[in-house]
Amino acid sequence: QAKHFAMYGAAGKDGYTPFGGGISTKTLFEVYLRPWRDFVMAGGRGVMASHNMVDWLPVHANSPLLSGVLRQRFGFANGWIGSDNTNVEGLHNYFLGFASNLSDAAIMS
């Protein structure tokens, strides 16, 4: 398993910035996704989603990033994506209402 997809430690003064928008999609593709594409092409089978946001979407619920980029564009259709710590619950508790309840948080991830 490789972690933390896609750019944990890249945004903000503290390298974390969970509440902010994080980095732009342009920077994400040009700088941070290349090693992940290589990981998938080399046969990687599991990734752990990062704690942060990309374009104001928490990575754990970022369907354009997890499904559109990782699974479809990079060919990670049969790989698994894991959660770090309590990030699924955090879609409701930590990201201040991003999910209306824990069931919605699970569906989003």
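The chain contains five helices and five strands, in the sequence order β-α-α-β-β-β-α-β-α-α. Helices (H or I, at least four residues) and strands (E, at least two) are DSSP runs numbered from the N terminus. The model is predicted, so local features need pLDDT of at least 70 and side-chain atom pairs count only at pLDDT 80 or more, while totals for chains, interfaces and linings use all residues. Residues are numbered from 1 along each chain as its sequence is written, and side-chain values use heavy atoms, with hydrogens and water left out. Of the 109 residues in the chain, 41% are buried; buried means under 20% relative accessible area, exposed over 50%, and partly exposed in between (1.4 Å probe, protein chains only).

- Two aromatic pairs are present in the structure. Rings of Phe, Tyr and Trp (its six-membered ring) pair if their centres lie within 6.5 Å; planes under 30 degrees apart count as stacked, over 60 as edge-to-face and the rest as tilted.
- Phe5 and Trp36 form an edge-to-face pair, with 5.2 Å centre to centre and 90° between the planes. Because Phe5 belongs to strand β1 (residues 2-5) and Trp36 to helix α2 (residues 34-41), this pair ties together parts that are 31 residues apart in sequence.
- Trp36 and Phe39 also form an edge-to-face pair, since their ring centres are 6.1 Å apart and their planes stand at 75°. Trp36 and Phe39 are three residues apart in helix α2, so about one helical turn separates them.
- Phe5 and Trp36 are both buried, Trp36 having a relative accessibility of 10%. Phe39, at 23% relative accessibility, counts as partly exposed.

**Largest pocket**

- The volume of the largest pocket is about 150 Å³. On a 1 Å grid over the protein atoms alone, a pocket is an open set of points where a 1.4 Å probe fits, with protein on both sides within 12 Å along at least five of seven lines; lining residues have an atom within 4 Å of a point. Grid points are joined across faces, edges and corners, and a volume is the space filled by probe spheres set on the points.
- The lining of the largest pocket comprises 15 residues, and His60, Leu66, Ile81, Met108 and Ser109 lie nearest its centre.
- The elements that give two or more residues to this lining are α3 (63-73) and β5 (80-82). Helix α3 gives the most, with four residues.
- The lining residues divide into seven nonpolar, seven polar and one charged. Ala, Val, Leu, Ile, Met, Phe, Trp, Tyr, Cys and Pro count as nonpolar, Asp, Glu, Lys and Arg as charged, and the others, Gly among them, as polar.

**Helix α3**

- Leu65, Leu66, Val69 and Leu70 are the buried residues of α3. They cover an arc of only 120° around the axis and therefore lie on the same side of α3; the arc is that of the directions from the helix axis to the C-beta atoms.
- Pro64, Gln72 and Arg73 are exposed on the other side of α3.
- The N-terminal end of α3 is capped by Asn62, which has a side-chain oxygen 3.0 Å from the backbone nitrogen of Leu65.
- Gly75 follows α3 and has a positive phi, near 80°.

**Loop residues**

- Ser100 is located in the loop between α4 (87-90) and α5 (102-108). Ser100 is exposed, with a relative accessible area of 51%.
- A polar contact of 2.3 Å joins the side chains of Ser100 and Asp104. Such a contact is a pair of N or O atoms within 3.5 Å; within protein, one must be able to donate a hydrogen and the other to accept it, and residues adjacent in sequence count only if both atoms are side-chain atoms.
- Asn85 is not a glycine, yet its phi is positive, at about 55°. Asn85 lies in the loop between β5 and α4 and is exposed, with a relative accessible area of 63%.

**Cis peptide bonds**

- Lys3 and His4 are joined by a cis peptide bond with omega of about 0°; His4 is in strand β1.
- Phe5 and Ala6 are joined by a cis peptide bond with omega of about 15°; Ala6 is in the loop between β1 and α1 (25-32).
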